[in-house]
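Good morning, and thank you for joining this group meeting. Please look at the sequence and the model on the screen as I speak.

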Amino acid sequence: MKLDRGWIWGLLLLFSLAGAAAAAQEKQLELDVTDIDEDMGLDNEELNVLLEGEDEEEEMEMEEDDEATVMDEDQADKTDGTASGKAGVDANVSFQVTYKTPVPTGEVYFAETFDDGSLDRWQQSKTVKGDAEDDIAKYDGKWAVEQLKENKIPGDKGLVLKSRAKHHAISSMLNKPFVFQDDTLVVQYEVNFQDGIDCGGAYIKLLSDTGDLNLEQFQDRTAYSLMFGPDKCGEDYKLHFIFRHLNPLNKDAEEKHAKRADVDLKKFYTDKKTHLYTLVLKPDNSYEMLIDQSSVSRGSLLHDVIPPVNPPKEIDDPSDSKPEDWDERAKMPDPEAVKPEDWDEEAPAKIEDPEALMPEGWLEDEPEFVPDPIAEKPEDWDEEMDGQWEAPQIPNPACETAPGCGGWKRPTINNPQYKGKWKAPLVDNPNYQGVWKPRKIDNPDYFEDLQPFRMTPFKAVGLELWSMTSDIYFDNFIITSHKEVADRWASDSWGLKKLVASANEPGIFAQLTIAAEERPWLWVIYILTVGLPIGLAVLFCWPKKLDDEYVYKKVDPPRADIEEEEEEEDEEEDTAADEDKAAEGTEGAAGGRRRHRGEPQTSREEEEGTERLKR
């Protein structure tokens, strides 16, 4: 089978495009699962304990602390209802994982897991928002301690914002105030937008230690040292890091906003998974924001915040003004230029085409529209009120086959004589003085703060939020001075959530099907991706027919060739006859000699003699 080479290359190109599209889709749908050892810092022994729960000592601690266990469906079916309720069996999870309330491994300023199901450490605000309407000004949004809706781990609970279109405010005191001196600040907590998010935030505020802090009066105007966390409204997805810097001259606090994250944040708001948010702020004024232990933004408090911490040394003199004779024109009309005498400024831009002719068959006497002949005046038509009735207009049927009806007008074309209004050409301005700028003076408000890290100490953590979506889940707050402590805390808490969520993810084929249900055009890519390799394999690898399987049509050869072949055959026959005669003569003589001597004939001679008699 022979194929056109261009067609083959076309098929290969189409296959390459389909493969590229499939790879892009696979990248879009790939699971957000990374190496456990690298993400959470677990060694093999700890990982085995988390996944298998085979360590007897850990099991004894589990029973003493009334902790939860997630087991296989088969194991859950074999366990009775009472034991299941006590052990925390959940048949929706397809592998065994042991959950234990995390305990900080080092010194911390604040740690909260909500696993005890209470909000005893937390104070809900009892005040109102100052600049809000009366019907929504009160901080009456509801809070609850619940498990996750999806991928839950029995025994693990979190703080859930329950109301929508409400103001929420809740806060808790730290174990001890954090003072910005020589210690790194690490703030970390989990957020899950269980129902997505339309407009609202999930950030936290670290409330300043001002001496008069009252958590019952916590509101939007309560002084805070920094704010950190996700926020979204419309299609603007943000990760806030805002700190309040005190002006050393007038002691006013001004908010400084860190630069935007370097990655697209949308998936963290829409995938309904629990994500880990971490802020690391160091005494050298450097900061780093991480999501799921991956860096998304980093910078310096001195250079990467808006507005800058330190004002400029010089500013424009507000009393300076531009002189009246200051000439900022780099170019000017040529004063010596003169309009040409033949320049016609009145010539129109368009004129009628003098060479145009009315198309043949144009019906000048026929109007484009005529009254509808089948229209009838409505019975309730009142000429005194509605005026004289006229039939509605319809396209003239006589014009349907004609090139046009009505008065014919010549089409217009560009006027070759059109030049427009004359303007003198531009030349360099000999009096050009440049763009005027006011003179610079020393900034009376200038200061230089080389240690913006040293903010106002804080002694409480609070959530002051407005949301149009409910069921926002918060969990496992920790504030410490050591990143290693926060990482270990994450491995004991968020790490388990990630394991369960990853195990419950649908397979690749299920994900492809779900994606195709949302985007039907993906079926075309799937079919091309699967069908093209099969088609090409059949096309190039199918066994070809052997040459002897073909039946060729007989064609009469040219007469000249036949005559030559016949002559050659005659010559060959003559030569063969002569050789036979000579052989027969020799054999006859031999036979005669045998007969003359009385010797018997051989069997061959007898056969040849018989054959000659037959002839």
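This is a predicted model: local features need pLDDT of at least 70, side-chain atom pairs count only at pLDDT 80 or more; totals for chains, interfaces and linings use all residues.

A disulfide joins Cys399 to Cys405, with an S to S distance of 1.7 Å; here a disulfide is a pair of cysteine sulfur atoms within 2.5 Å. For those new to the term, a disulfide is a covalent bond between the sulfur atoms of two cysteines. The torsion about the S-S bond of Cys399 and Cys405 is about -125°, so this disulfide is left-handed. Cys399 and Cys405 are both buried, where buried means under 20% relative accessible area, exposed means over 50%, and partly exposed lies in between, with a 1.4 Å probe and protein chains only.

Residues are numbered from 1 along each chain as its sequence is written, and side-chain values use heavy atoms, with hydrogens and water left out.

How many disulfides does the structure hold? There are 2, and the other pair is Cys199 with Cys233, at an S to S distance of 2.3 Å. Cys199 lies in strand S9 (residues 199-201) and Cys233 in strand S11 (residues 224-233), so this bond ties together parts that are 34 residues apart in sequence. Helices (H or I, at least four residues) and strands (E, at least two) are DSSP runs, numbered from the N terminus. The torsion for Cys199 and Cys233 is about -90°, so that disulfide is left-handed. Cys199 is partly exposed, with a relative accessible area of 21%, and Cys233 is partly exposed at 47%. With the bonded cysteines numbered in sequence order, the pairing is 1-2, 3-4.

Let me turn to the chain as a whole. Its secondary structure comes to 14 helices and 27 strands. Of its 615 residues, 35% are buried. Contact means heavy atoms within 4.5 Å. Among contacts between residues at least 6 apart in sequence, 75% join residues at least 24 apart.

Next come the charged pairs. Side chains of opposite charge can pair when their charged atoms come close. A salt bridge is counted when a side-chain nitrogen of Lys or Arg is within 4 Å of a carboxyl oxygen of Asp or Glu, and the whole structure has 26 of them.

One of these joins Asp156 and Lys497, whose closest N and O atoms are 2.7 Å apart. Asp156 lies in the loop between S5 and S6, and Lys497 in helix H10, so the pair ties together parts that are 341 residues apart in sequence. Both Asp156 and Lys497 are buried. Helix H10 (residues 494-503) is mostly covered, since 9 of its 10 residues are buried.

Another salt bridge is formed by Asp195 and Lys149, with 3.0 Å between the closest N and O atoms. It links distant parts of the chain, 46 residues apart: Asp195 is in the loop between strand S8 (185-193) and S9, and Lys149 is in the loop between strand S5 (143-146) and strand S6 (158-161). Asp195 is partly exposed at 36% relative accessibility, and Lys149 is partly exposed at 44%.

Which residues does Thr274 contact, leaving aside its neighbours within four places in sequence? They are Leu148, Glu190, Val191, Asn192, Asp292, Trp494 and Lys497. Thr274 lies in the loop between helix H7 (266-270) and strand S14 (275-281), and it is buried, with a relative accessible area of 12%. Its side chain makes a polar contact of 2.9 Å with the side chain of Asn192. A polar contact is a pair of N or O atoms within 3.5 Å; within protein, one must be able to donate a hydrogen and the other to accept it, and residues adjacent in sequence count only if both atoms are side-chain atoms.

Finally, some backbone details. Most residues other than glycine have a negative phi, and most peptide bonds are trans. Asp292, however, has a positive phi of about 55°; it lies in the loop between strand S15 (286-291) and strand S16 (294-300) and is buried at 11%. Asn476 also has a positive phi of about 55°; this residue is in strand S27 (residues 472-480) and is buried, at 0% relative accessibility. A cis peptide bond joins Ile306 and Pro307, with omega about -10°.
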